Amino acid sequence: MSSSPPVWFTGLAALTIFMVMLSLGLLLGRDELASALRRRNVLAAIVFGVFVPIPALAVALVKVLGLEGPARLGIVLMSVSPGAPVALRRAIDAGGHARFAPALHLAIVLLAVITVPLSIAILNVVFGVSFAVSALDVGQQVFFAQLLPIGLGAAILAFRPALAASIQPPLQRLSNVLLIAALLACFYLFGGMLLEIGWTPTLAGMGLTICALGIGSACAGRDVEARAPAAVAAAMRNPGLALMIAAANKADVAVAAAVFGYALGGAVVVAAYVARRVRTRRIELN
C-alpha cells in the first residue's frame, strides 16, 4: 500500500504550511539576513549540528534497539529531514535573537537540497537498502512549501510594509486554526496505525528531540542570544519532507504513521521547551 495520504489531507497540509510560512515571511526583512551574516561562524556550527549529529544518533538508536520495519524507517527519515515549517515560529516564540532565527531557517532549508540526498545515500549503505531521492525532489518540496510563501511575505514587507503589518496578525491566527485542523486530521488518519505499530516512534522522537535541543544550544557556543533559535532549529524535523521521501520510494503507509508519531513526540518536547523559555523571560522582565 502506498504511503501517499488522501488528496483532501494533502490539500489541507499544503494550505496550512503555505499560510504559516506566508505569515512568517511578513516578518522577514533585510535586517534579519544581515544579522545572520554577522554570525557566520555560529551559523556554520549550528548548521553542522542540525545535519550531522541528529541522524547519527537516530541510526545508533534504531540499531541498539534492533528496530525494523515502519518504526525504523520513520525515525530515520525524520532524522535526515530538517527545516520543519513551524520551526521558525517556534524559534521566534522561544526568544533569543529574533532576527537570527529566519536567516538560520533559510540556510537550513536551502542546504537540505544537498544534505538530504547525501544522507539517504549514506543510509542505504548503513542499512543495505535502496532508497533514492534527488536534489530536484527535495528542492521542489522546499521551494513550494517554504521558500515561495516566505519570499512572497518578504516581498510584501519590503514594498508594502503597511499592508504587511495589517495582514500579518489575521494570517497568523488563520494559520493557527489550520495547524489545529491538520493535527486533528493526522490523528484521524494515522492514530489507529500508530497504536498498531506502537509508541516507539513517539518516544524516539521525544528522546532525539531532547538531545537535539542540547546539541543546537551547544553549537551556538557563547552566543547566548542564538542558543534558543539554534536549539529549536536542530530539534524540529520536517515531516512533509520525510513523507515525500517515503512516497517517492513507495514505502508502506505505516511509515507515515511512524513519521507522525516522531513528529508528535518532538512537538511535545519543543512546546515544553518554548513554554519554559517564555515563562523564564516573563520572570526576568518582572
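A disulfide is a pair of cysteine sulfur atoms within 2.5 Å. The structure is a predicted model, in which local features need pLDDT of at least 70 and side-chain atom pairs count only at pLDDT 80 or more, while totals for chains, interfaces and linings use all residues. Residues are numbered from 1 along each chain as its sequence is written, and side-chain values use heavy atoms, with hydrogens and water left out.

**View A. Cys211 and Cys219.** The structure holds 0 disulfides. The sulfur of Cys211 has its closest cysteine sulfur in Cys219, 13 Å away, which is too far for a bond. Cys219 is likewise in no disulfide. Cys211 is partly exposed, with a relative accessible area of 37%; buried means under 20%, exposed over 50%, and partly exposed in between (1.4 Å probe, protein chains only).

**View B. The largest pocket.** On a 1 Å grid over the protein atoms alone, a pocket is an open set of points with protein on both sides within 12 Å along at least five of seven lines, a cavity is a set where a 1.4 Å probe fits but cannot get out, and lining residues have an atom within 4 Å of a point. Grid points are joined across faces, edges and corners, and a volume is the space filled by probe spheres set on the points. The largest pocket has a volume of about 1,300 Å³. Its lining has 45 residues, and Ala13, Ile17, Cys186, Pro239 and Gly240 lie nearest the centre. Two or more lining residues come from each of helix 1 (7-25), helix 8 (135-159), helix 9 (161-197), helix 12 (239-248) and helix 13 (253-285); helices (H or I, at least four residues) are DSSP runs, numbered from the N terminus. Helix 13 gives the most, with 10 residues. By class, the lining has 34 nonpolar, 9 polar and 2 charged residues, where Ala, Val, Leu, Ile, Met, Phe, Trp, Tyr, Cys and Pro count as nonpolar, Asp, Glu, Lys and Arg as charged, and the others, Gly among them, as polar.

**View C. The second largest pocket.** This pocket has a volume of about 220 Å³. Residues that line it include Phe51, Pro55, Val80, Thr115, Ser119 and Val126. Helix 4 (53-65) and helix 7 (100-127) each supply at least two lining residues, and helix 7 gives the most, with 6. The lining divides into 10 nonpolar, 2 polar and no charged residues.

**View D. The two cavities.** There are 2 cavities of 30 Å³ or more. About 50 Å³ of space lies in the largest cavity, and among its lining residues are Ala87, Leu104, His105 and Pro229. Helix 6 (87-94), helix 7 and helix 11 (224-235) give two or more residues to that lining. The second largest cavity has a volume of about 30 Å³. Its lining includes Val50, Ser79, Pro82 and Arg237, and is made up of 6 nonpolar, 3 polar and 1 charged residues.

**View E. Ile120 and the largest nonpolar core.** A nonpolar core is a set of buried Ala, Val, Leu, Ile, Met, Phe, Trp, Tyr and Cys residues joined through side-chain atoms within 4.5 Å. The largest has 51 residues, and Ile120 is one of those with the most contacts inside it. Helix 9 gives the most to this core, with 9 residues. Beyond its neighbours within four places in sequence, Ile120 is in contact (heavy atoms within 4.5 Å) with Leu77, Val80, Phe131, Ala132, Val133 and Ile245.
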